[in-house]
Amino acid sequence: MRTIARLALALFLTGLLAPAAHAVPAGLDPSFGAGNGFVRLSARRGANRAAAMVQQLDGKYVIAGSSSDQGAEPVELSLTRLLADGSRDTSFAESGVAYFPLAASSAFTSLALQADGKFVLGGVSGSVPAVFRMTADGRPDSTFGTAGVATIPGNSYGLVRAIQLQADGAILIAGSDNSLNTVGFVARFLPTGAPDPSWDGDGIRFLSPQPWTELHAITLIGGTPLIVGESSPNYASSRFLTLIRLTATGAYDTSFDGDGIVFTPAGLNSGGRAVALQTSNTSPTKIIVAGYAQQAQSGKDFLVARYALNGALDTTFDADGILLVALAGAGVEDYAISVRVLSTGGVPSRIIAGGNVTDTFSGAKRRAAIKLFLAGTFDTAFDGDGILIPSTALGTGDCAAMLTSGSRIVFAGTGYPAGTVQDYDAVVSRHTTSDGTADATFGSGGWCFLDTGHVRGSGFAVAVQTDGKVLVGGRGDGMDAQPFVRRLLANGTPDSTFGDSSVQDSLFSYDSRGTVFDLALQPDGRILAAGVTPWGSQSAMFVARMHPNGALDRDFAGTGVRTFRLGDTDSLFSVAVQPDGRILLAGVTRINGFGGLLVVARLTASGVFDSTFGAGANGVVYDYPGLFDPCATQVTLLPDGRILVVGRTRQTVGGAFRVVAYRLLSNGALDASWNGFGKLVTPVGYDSATPTSIAPAPNDGVIISGYTSTAGGTPFVLRFLANGTRDSSFSGDGELQLSPRGSGEDVHAMVVRPSGHIVLAGTLRTSPTQPIATLARIGPDGSLDTSFGTAGHLDVSLVDSGDEYARDVAFDAQGRAVAVGGARDRTSVFRLLPEVNSTAVGEGDAPHGTLRFSAPSPNPARGGTSFVLTLPAAGPLDVAVHDVTGRRVRSLRNGVATAGPQLLRWDGRDAEGHAAQPGLYFIRARAAGQSANTRVVLTR
């Protein structure tokens, strides 16, 4: 254990602690507040105090606190919501403030945000430990406890200090019962506010072996609680930093230091105030605790300690596992109340602990933060020496909560500008720092969250335009849960020219809810979105068409949106567009309660059913491939106009799902050259299979990907020959099942690269409650491409706590993979550069030394198409467009070129500058004694 002292330079004449000098000042963030980096939060009842803070997924800050008349007990509890720039969110409650009036001696101490936007708060109600819940719009939630308040059973006097939400909606709280001795407790409530009887029999666990215990922080490891605080074990006169780990039923977890409890002495007294988890591949590997340690009769130091998951101190951190930092010299009380682990590219890189520096003579407080490398040494790039004690215009004041927001630190607490305890306000300040982790190429560090204007959000579909702009479709999971389409510029920032300028969405909101499950780009730049919307107590399909600027195309179905039902309950999962503008759809319908029919439909360009499609010439093909639960998950178009469809079905109630695949002629009739009559039903291993994607393979073959139920989820890829038989050149028998990883792995999307490599996108559950996004790459022979990521897998962690996934993937013209999904219930997008992880996902997919094209995009094209041509060596290059007769229509490149990828574009015109006639064209390249060809369909 090592103590690092930092001497205060001077004291103000009034006895206030002076701000310490820094070589490189870390100033207040001028983009927050009124250009000065902070805001004061006054209340309608006298003075105002902050106690806890969270940041919503949309960037808004919510601060819990209390207000009171001068010198009186708190009489009103309050929630204040600020916009990301620090201004009041006037759309929330009463001009940004919601009140919860209660009796005297009531207070908020802790705050958590539910996935549905409701606020859960811990504290005290009339001296009794209590949990409060408020609705997303700031009212007491009448469905919780009694008028929004639930009290701890058997307690008459005490305080809730920490709160943690579990994945099943249960609420864990920790605090102390002060009715006799100070005894720690951990309680669990059901989502209704009732005590959970499965937790120690009555919903509360008193930590009776410890005669004096205060609990201050709680987190979850694998769904079970770890609690941090301080105790005096066995009636000791000193207080020890204390860690307690419990099982799912509230019993002590004996795998943690043998009895579930770890006591760590650090000086005369020590205690924990905050806890965070250090992760690797989103699985927790270390426990970080922040608090205080008292070395002498007066004064305290910042304490940061690191433990292994079994409770042993980690001696790789500051040599003995404990770092003590005296921020302002002897006689000054320094203590941390918050700790965060920062990550770079999903890998932990820094630790930030925040708290207070208190002058023991005057009682004056200032906020403080330290930033460490993982070994426990200071990151001197942070404010010059790794220590920040802001000098502001706030006067003095404490830190009640700290969070990190991107490269910024945000403090919430109470300020005393006039130097008196009566004249105070809650204060929120934001400070700029730098980690050097931002990737200016796309979003932030290669990824971005989308503010969809909703409390939560989920992305399900992605498409990349030829100009590099990225379209994302999904669902905002707020109260309206409207479908959305969002567009980002090539650098990952919102495209302000698209859709509603307030959020850059095309919400095509027609008083409906629903989800966009798929997107397609028409050759003329118009955008198709398809998905599901409620219809009474059931559901319907919808297709929307937008202009390139995001406005609804009123030429489509009259309104821009076509909503329809083919049966009672319909779901639409996939959309594809033909060169002539007709639209293919795939999904499932249930008619008169029947078990389900797989559906493929076609609409005309104007949005009506195409009467030339289907056996009944009504625009719809129905099929019943198995006895129970059929469903089509994707439809795609072959260059010759035939149609591929993949789905699943099962033969018995509760039986294993099997893959079903169709090949249809352009009129919707079954293609008899595929498995003898146009469809096949095949098992994958012995467990249920969920196919999610289908794509054409070389020589008219077919590739299908998805996942089985084996080991919680195991990805698979199938490859078939043109006649529907398994391709034995792929993985030996045409079937590849990847080795199970974690608690299961799903595949939601697939792209087949020009080289024959297959890129899969999905979700890996590193534990039952910790999903992360993942990509995998398969070689043309059906083996994992070990040059990609780590042994063929690339796991992408965007947030420290996991809870993320990938739903769709596409490639841009430069060979960069763009994936969409979610993280912490926010829509997320990330992009990989071709050079990341060697030849990860770029045009290095094909063997070196091969002249090769990427797939032209868009194709079919109207007005132009782009592609990447990769040269094996520098030298002469000739690229030209030819029509079906072989006539040279346009030269695209004729000269000497360097080796590597070349981004080329054909604008759809001939050598004279005239628009080329619609039809099939061949783009041919010759270089280094090799030739390569690709095809593009030009439409009007």
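## Burial and Glu 214

A residue counts as buried when its relative accessible area is under 20%. In this predicted model, Glu 214 has a relative accessibility of 15%, so Glu 214 is classed as buried.

Glu 214 belongs to strand β15, which covers residues 213–221. The side chain of Glu 214 makes a polar contact of 3.2 Å with the side chain of His 216. If neighbours within four places in sequence are set aside, the residues in contact with Glu 214 are Arg 161, Ser 176, Thr 182, Gly 229 and Glu 230.

## Val 561

Val 561 is found in strand β38, which covers residues 561–564. The relative accessibility of Val 561 is 11%, and therefore Val 561 also counts as buried.

Met 546 lies 15 residues from Val 561 along the chain. Between the C-alpha atoms of Val 561 and Met 546 the separation is 9.0 Å.

## The chain as a whole

The chain contains 64 strands and 0 helices. Strands β15 and β38, described above, hold Glu 214 and Val 561. Of the 940 residues in the chain, 58% are buried.

Contacts can also be sorted by separation along the sequence. Among contacts in the chain with a separation of 6 or more, 49% are between residues 24 or more positions apart. The chain has an accessible surface of about 34200 Å², and carbon and sulfur atoms account for 52% of that surface.

Note on methods: Residues numbered from 1 in each chain as written. Predicted model: local features only at pLDDT ≥ 70, side-chain atom pairs only at ≥ 80, totals over all residues. Heavy atoms only, no water. Helix = DSSP H or I, 4+ residues; strand = E, 2+ residues; numbered from the N terminus. Buried < 20%, exposed > 50% of the residue type's maximum accessible area, 1.4 Å probe, protein only. Contact = heavy atoms within 4.5 Å. Areas by Shrake-Rupley, 256 points an atom, 1.4 Å probe, with all protein chains shown as cover. Polar contact = N/O pair within 3.5 Å; in protein donor to acceptor, adjacent residues only side chain to side chain.
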